[in-house]
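Please view the sequence and the structure together while reading.

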Amino acid sequence: MSRIGKLPITIPSGVEVKIGDGNLVTVKGPKGSLERKLPAEINVAVEDNQVVVTRPSDLKKHRALHGLTRTLVANMVEGVTNGYSKVLEINGVGYRAQKQGKKLVLSLGYSHPVEMEDPEGIESVVEGQNKIIVRGIDKEKVGQYAAEIRFKRPPEPYKGKGIKYADEVIRRKEGKTGK
């Protein structure tokens, strides 16, 4: 059985990984820099252009943290090289999105427009009137902001109206006539 934690993370050219005291990992790359404090029990080391994550024992807690730590570091390296993006689609009559400076203004059938401020390090782009692309280097922040946008009007199962991820499939229901 292969373990995710045992796989070394290759550092691409132009990316610099530093491990400070207390497992504070700093990753600098062409798109920016990220820093994260990792669990102290897990050992993280840079060996000949690779980041190697090891665990001290086979305790259940250490096994759980091993894969998590490795994936967090890999996501940081991926973020500063390529960045992350999530695509949201708005479906529904009269539902639309607009960008005003750093504000995302959504018309979602409420009596008022919903305004959302882009968080630090996250950029949202509106294509047309019904496609929102959330971009950034931190995978966690990109996913969180996309989830907050979707939460303003989640898709409903009868007509499919609302905000959904581009790759999301909505389970549809039949209405009153379905027997």
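What percentage of the 179 residues of the chain count as buried? The share that counts as buried is 35%. The model discussed here is a predicted one.

**Overall form**

The chain contains two helices and 13 strands. Its C-alpha trace extends over about 60 × 45 × 25 Å along the principal axes. The radius of gyration is 21 Å, whereas a compact globule of 179 residues would have a value near 16 Å. Among contacts in the chain with a separation of 6 or more, 50% come from residues 24 or more positions apart.

**Annotated domain spans**

The UniProt record, an unreviewed entry, places the feature "domain: Large ribosomal subunit protein uL6 alpha-beta" at residues 11–83 and 92–165. The two spans are described in the table.

| Span | Distance between end C-alpha atoms | Helix | Strand |
|---|---|---|---|
| Residues 11–83 | 15 Å | 30% helix | 36% strand |
| Residues 92–165 | 14 Å | 18% helix | 41% strand |

Within it, Lys-18 has Thr-26 of strand 3 as its bridge partner. The hairpin of strand 2 and strand 3 has four residues between the strands, and Gly-22 there adopts a positive phi near 75 degrees.

Gly-22 lies in the loop between strand 2 and strand 3. Gly-22 and Pro-39 are separated by 17 residues in sequence, with a C-alpha to C-alpha distance of 8.3 Å.

Strand 3 also runs antiparallel to strand 4 (residues 32–37), and six bridges join them. A hairpin of two residues connects strand 3 to strand 4. In this pair, Lys-28 stands opposite Ser-33 of strand 4.

Three strands form an open sheet in the order 8-9-10, and their pairing is antiparallel. Its edges are strand 8 (96–100) and strand 10 (114–117), each of which pairs on one side only. On average, neighbouring strands of this sheet are turned by 25 degrees against each other, direction ignored.

Strand 9 (residues 103–107) and strand 10 run antiparallel and are joined by four bridges. Lys-103 is found opposite Glu-117 of strand 10. Helix 2 (residues 139–151) packs on the sheet, where it touches strand 9 and strand 10. The direction of helix 2 makes about 170 degrees with that of strand 10.

**Nonpolar cores**

In soluble globular proteins, nonpolar side chains tend to be buried together. Which residues have the most contacts inside the largest nonpolar core? They are Leu-88, Ile-90, Leu-106, Ile-132, Val-134 and Ile-149, in a core of 19 residues. Two or more residues of this core come from each of strand 7 (84–91), strand 9, strand 10, strand 12 (131–136), helix 2 and strand 13 (162–165). Helix 2 contributes the most, giving four residues.

Ile-149 shows how parts of the chain meet. With residues up to four places away in sequence left out, Ile-149 touches Leu-88, Leu-104, Leu-106, Met-116, Ile-132, Val-134 and Ile-163.

Notes. Residues numbered from 1 in each chain as written. Predicted model: local features only at pLDDT ≥ 70, side-chain atom pairs only at ≥ 80, totals over all residues. Heavy atoms only, no water. Pairing = 2+ DSSP bridges. Axes fitted to C-alpha atoms, helices over the stretch in contact; angles between N-to-C directions. Contact = heavy atoms within 4.5 Å. UniProt positions renumbered as here; feature names shortened; annotations may be inferred. Core = buried A, V, L, I, M, F, W, Y, C linked by side-chain atoms within 4.5 Å. Buried < 20%, exposed > 50% of the residue type's maximum accessible area, 1.4 Å probe, protein only. Rg over C-alpha atoms; globule rule 2.2 N^0.38 Å.
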